[in-house]
Amino acid sequence: MEALLILGGMVALAVSWAWLVFASLSLGPGPLMVATLLPVITPLLRGRGYPVLPRVLLVIALVSVVAGVRDAHGATLCA
């Protein structure tokens with residue numbers, strides 16, 4: 001189960017990153033570089049023109065990967 005969380009999260013992360021980069025092409029070189037090199041901080045940047053759905057998918061993907069890695073190491077979320 002943990003492997004599916006990690007694998008699914010990585011696929012969703014790649015899809016959301018590509019979607020975010022292609023959607024940022026019209027925003028200019030600055031936001032495009034941020035979306036390309038630092039996509040993890042884009043969910044925190046509100047009002048900068050980044051589309052919402054790829055950022056939401058990025059957060060879900062990161063949560064999935066972290067939960068899978070955490071479960072794979074035997075840690076519980078309540079501990």
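Valine 66 counts as exposed, at 54% relative accessibility. This residue of the predicted model lies in helix α3, which covers residues 52-72. Serine 16, by contrast, is buried, with a relative accessible area of 1%, and is found in helix α1, residues 2-23.

**Valine 66**
- The relative accessibility of valine 66 is 54%, and the cut-off for exposed is over 50%, so valine 66 is classed as exposed.
- The C-alpha atom of valine 66 is separated by 8.6 Å from that of glycine 9. Along the chain, these two residues are 57 residues apart.

**Helix α3**
- Helix α3 has 21 residues, which at 1.5 Å a residue should span 30 Å. Its end C-alpha atoms are 30 Å apart, in agreement with that expectation.
- Seen by burial, the helix contributes Pro54, Arg55, Leu58, Ala61, Ser64, Val65 and Gly68 as its buried residues.
- These buried residues of α3 pack against α1.
- Just after α3, glycine 74 takes a positive phi of about 85 degrees.

**Serine 16**
- Serine 16 has a relative accessible area of 1%, and buried means under 20%, so serine 16 is classed as buried.
- With its neighbours within four places in sequence left aside, serine 16 is in contact with Pro54, Leu57 and Leu58.

Notes: Residues numbered from 1 in each chain as written. Predicted model: local features only at pLDDT ≥ 70, side-chain atom pairs only at ≥ 80, totals over all residues. Heavy atoms only, no water. Helix = DSSP H or I, 4+ residues; strand = E, 2+ residues; numbered from the N terminus. Buried < 20%, exposed > 50% of the residue type's maximum accessible area, 1.4 Å probe, protein only. Contact = heavy atoms within 4.5 Å. Expected span 1.5 Å × (residues − 1).
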